[in-house]
Amino acid sequence: MHTKGPSPVHHDGTGLRIGIVHARWNDTIIDALLEGTKSKLLECGVPESNIIVQSVPGSWELPIAVQRLYSGSQVQSSSSSSGGTAGDLLGSSTTDLASIPTSSPSTGAFDALIAIGVLIKGETMHFEYISDSVSQGLMRVSLDTGVPVIFGVLTVLNDEQAKARAGITAGSHNHGHDWGLAAVEMAVKRKSWA
Ligand code: DLZ
């Protein structure tokens with residue numbers, strides 16, 4: 001029997017702060033996965049203002065961006081500086097995360113982080129190298145920081161497989177739902193481990 005990962009228990013996301021970093025390659029699929037992820041976070045009670053979304057060019061950039069997003073939030077949550085808002089990490093609206101005001105509900109350290117990317121196999125070894133490095137990089141960030149980093153990276157052979165995992169193909173399941181639920185469950189569990 002095929003069993004799914006998300007817990008059957010409802011976890012309360014009220015008060016959690018979740019960071020999402022997504023790649024921009026394969027943007028139609030990314031958009032659907034991001035939407036699916038956010039919808040479950042909101043369903044679990046995570047306030048919209050506590051969901052911080054950043055983007056990077058491709059999946060290769062996810063580990064460093066997730067690490068910097070987390071480190072920036074640590075710096076600013078323990079400092080009293082103010083001014084600025086979260087923006088596009090490596091895009092045109094780049095903002096210094098350390099300058100986000102601590103009084104806003106969307107500031108402070110993250111309880112979980114979600115990395116979203118879509119890697120589609122081409123004709124070279126590029127896919128294998130990136131998939132392996134990105135998964136290892138994200139695991140390293142998670143273990144080094146002690147913050148759950150949810151692996152929202154699809155590693156697929158073609159566009160059709162990607163669409164079938166993003167809820168785009170009729171009747172298919174959006175894996176973003178699982179990632180949102182996994183983030184809330186792990187964030188809640190992390191608090192109980194502290
Ligand atoms: C270069 C590249 C290729 C060929 N394919 C993908 C992909 O399928 N998914 C993805 O997220 N990114 C891809 N990239 C971009 C790399 O991840 C990276 O952004 C560039 O090599 C620049 O470092």
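**Conventions.** I noted that the model is predicted: local features need pLDDT of at least 70, side-chain atom pairs count only at pLDDT 80 or more, and totals for chains, interfaces and linings use all residues. Residues are numbered from 1 along each chain as its sequence is written.

**Overall layout.** I found five helices and four strands in the protein chain; helices (H or I, at least four residues) and strands (E, at least two) are DSSP runs, numbered from the N terminus. From the N terminus on, I read the order of elements as β-α-β-α-β-α-β-α-α. Of the 194 residues in the protein chain, 43% are buried; a residue is buried if 20 or more other C-beta atoms, placed from the backbone, lie within 10 Å of its own.

**Ligand shell.** I recorded 15 residues around the ligand, the closest being A23, W25, G58, S59 and W60; a residue is near a molecule if its C-beta atom, placed from the backbone, lies within 6 Å of it. Both β3 and α3 (126-145) supply at least two residues each to this shell. By class, the shell holds eight nonpolar, six polar and one charged residue; Ala, Val, Leu, Ile, Met, Phe, Trp, Tyr, Cys and Pro count as nonpolar, Asp, Glu, Lys and Arg as charged, and the others, Gly among them, as polar.

**Strands β1 and β2.** I checked the pairing of β1 (residues 18-23) with β2, which is parallel over six bridges; two strands pair if DSSP finds at least two bridges between them. I52 in β2 is the bridge partner of G19. Strand β2 (residues 51-56) is largely enclosed by the rest of the structure, because five of its six residues are buried.

**Residue N26.** I located N26 in the loop between β1 and α1. Its phi is near 60°, a positive value in a residue other than glycine. Most residues other than glycine have a negative phi. N26 counts as buried because it has 21 C-beta neighbours inside 10 Å.

**Helix α5.** I compared spans for α5 (residues 175-193): at 1.5 Å a residue, its 19 residues should span 27 Å, and the end C-alpha atoms are 27 Å apart, which agrees. The expected span is 1.5 Å times one less than the number of residues. Its buried residues include H175, W179, L181 and M186. The buried residues of α5 pack against β1, α1, β3 (112-120) and β4 (149-156); contact requires C-beta atoms, placed from the backbone, within 7 Å.

Note on methods
A residue is buried if 20 or more other C-beta atoms lie within 10 Å of its own, exposed if 12 or fewer, and partly exposed in between; C-beta atoms are placed from the backbone. Two residues are in contact if their C-beta atoms, placed from the backbone, lie within 7 Å.
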